[in-house]
Amino acid sequence: MQKKKQMFGTNGVRGVVGETMTPALVLKIGAALGSMRKGTIAVGRDTRTSGEALAHALKAGLLMTGCDVVDMGILPTPALQYIIKTGRFSGGAMITASHNPPEYNGVKVIEADGTEMSDEEIIRLEDRFFAGEFEAASWEGVGAETAAPDRLEEYIEAVVRHFPAGIGEGMTVVVDPGSGPAALTTPIILSRMGCRVHTINARLDGTFPGRMPEPTPEGLRPLSEMVVATGADFGVAHDGDADRAVFVDNKGCYIEENYEFGLIEDYVCARNGGGLVVTPVATSRLIRDIAEKHGCTVDYTPVGSIYVARRMIELIGGGKKVSFGGEGNGGLIYSDHQFCRDGGMTAAMMVAVLASHNGRRLSDIQGDLPLYHLVKEKHHTHDPAALVRAIEEAFAGEAIEKIDGIKIVRDDAWALVRASGTEPMIRVMIESRDPDIANAMYQEIVQVVGRV
């Protein structure tokens, strides 16, 4: 039986500070990482109130194994990943709980190429953690720490250089960093592209007084109001570590993340001419529609940005052309920039999308995309795996894919059923162009759930 991760989830290890997430735990993670990746390690954090304490613990674990540490301070996760991949580091770690509420924090481990650590290597790290196998250095071999918050400029300039000078001239944008580290990057990026920028929730504050770190339609109402009041072309908001970006259009209407993906995919694929679009099985069929429009093919992965990023790297290494990648949650990956979700690049890319449409408003451009209806539900159960198997058996006569959980594929709809990796429940997603068809398919699954 294949060994599974115990502490780490898809995007690192997280917990409530003072309960499951403690400095002692983070020190041991640092010691395990330092034992595996000898050399210089870059460390960063988001704005959470617990970030400084946990960063010190992480650095202590790294230093005790003889690693040198470069503290980048507060910055977005993709900024740290970019600095690591271009700066000849042995690896890195980010203290963040991303979109979780302020009482949470966590650790995300990053490899020397800027990608998140693979499942196989995380399992090795966990084995060291639980066994206490740390290669502590002697007194003359402990590491040294330096600070380099100024290196954030490297990331900002890398994003800006990606686009023609002045591409945003004449545009007005409202940025909502949510009191997170994007306050230090996205307004500057868009300003340097020529945009007029207004901000809301742009003061660094780990209590997140304006809204929670997860940018929801409800939480973004003040952003929508400011977009309308200022006559802005769009508003952009980030999650707690700014690896994702979500948007409201010129009318202040929230753009569902699959449609955000589609808008940017349409722009990128039109310029790349063919190739592959890599995305998880949970992403809307809209992404396939747009890919086919440009002669691209969709390559599906399990759910999780790390699987998308590593599949993109694998395909490119095999000589394949990869045009684009990402998830339907605002986390998009640009293979000519870096192999991780990058909210700052996504904010900048939306400027380029608008610039390519010769003055058309974002609300009108989105209106050109085909409409899909999505049903998302959770069902709690004491044995999620058994329930997934029961649903698979009930639909055995249909086309089923097993990339992640089971995906029942019909001509006019699809349903994805996955066991949660952290809670005793299954997640069900169903999509169709026709809401009645989607709801009817959901009822078929509910009937099976009721019998188990």
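Colleague: Which strands does helix 13 lie across?
Modeller: In this predicted model, helix 13 (residues 384-394) lies across strand 17, strand 18 (406-409), strand 19 (414-419) and strand 20. Helix 13 runs at about 155° to strand 19.

Colleague: And helix 14, what does that one touch?
Modeller: Helix 14 (residues 435-451) packs on the sheet too, touching strand 16, strand 18, strand 19 and strand 20. The direction of helix 14 makes about 15° with that of strand 16.

Colleague: OK, what's the strand order in that sheet, and is the pairing parallel or antiparallel?
Modeller: The order is 16-20-19-18-17, an open sheet of five strands with antiparallel pairing. Strand 16 (373-380) and strand 17 (399-401) are the edges, each pairing on one side only. On average, neighbouring strands are turned by 15° against each other, direction ignored.

Colleague: How many bridges join strand 16 to strand 20?
Modeller: Eight, with strand 20 covering residues 425-432. Leucine 374 sits opposite glutamate 431 in that pairing.

Colleague: Switching topic: how do strands 12 and 13 pair?
Modeller: In the parallel sense, over six bridges between strand 12 (residues 275-280) and strand 13 (residues 296-301). To get across, the chain goes through helix 9 (residues 286-293), and the β-α-β crossover is right-handed.

Colleague: What stands opposite threonine 279?
Modeller: Tyrosine 300, in strand 13.

Colleague: Last one, glutamine 366: buried or exposed?
Modeller: Buried, because its relative accessibility is 19% and the cut-off is under 20%. Glutamine 366 belongs to helix 12 (residues 362-367).

Colleague: Which residues is glutamine 366 in contact with, leaving aside neighbours within four places in sequence?
Modeller: Asp249, Ile255, Tyr259 and Leu263.

Key. Residues numbered from 1 in each chain as written. Predicted model: local features only at pLDDT ≥ 70, side-chain atom pairs only at ≥ 80, totals over all residues. Heavy atoms only, no water. Helix = DSSP H or I, 4+ residues; strand = E, 2+ residues; numbered from the N terminus. Buried < 20%, exposed > 50% of the residue type's maximum accessible area, 1.4 Å probe, protein only. Contact = heavy atoms within 4.5 Å. Pairing = 2+ DSSP bridges. Right-handed = clockwise from strand over helix to strand, strands pointing away. Axes fitted to C-alpha atoms, helices over the stretch in contact; angles between N-to-C directions.
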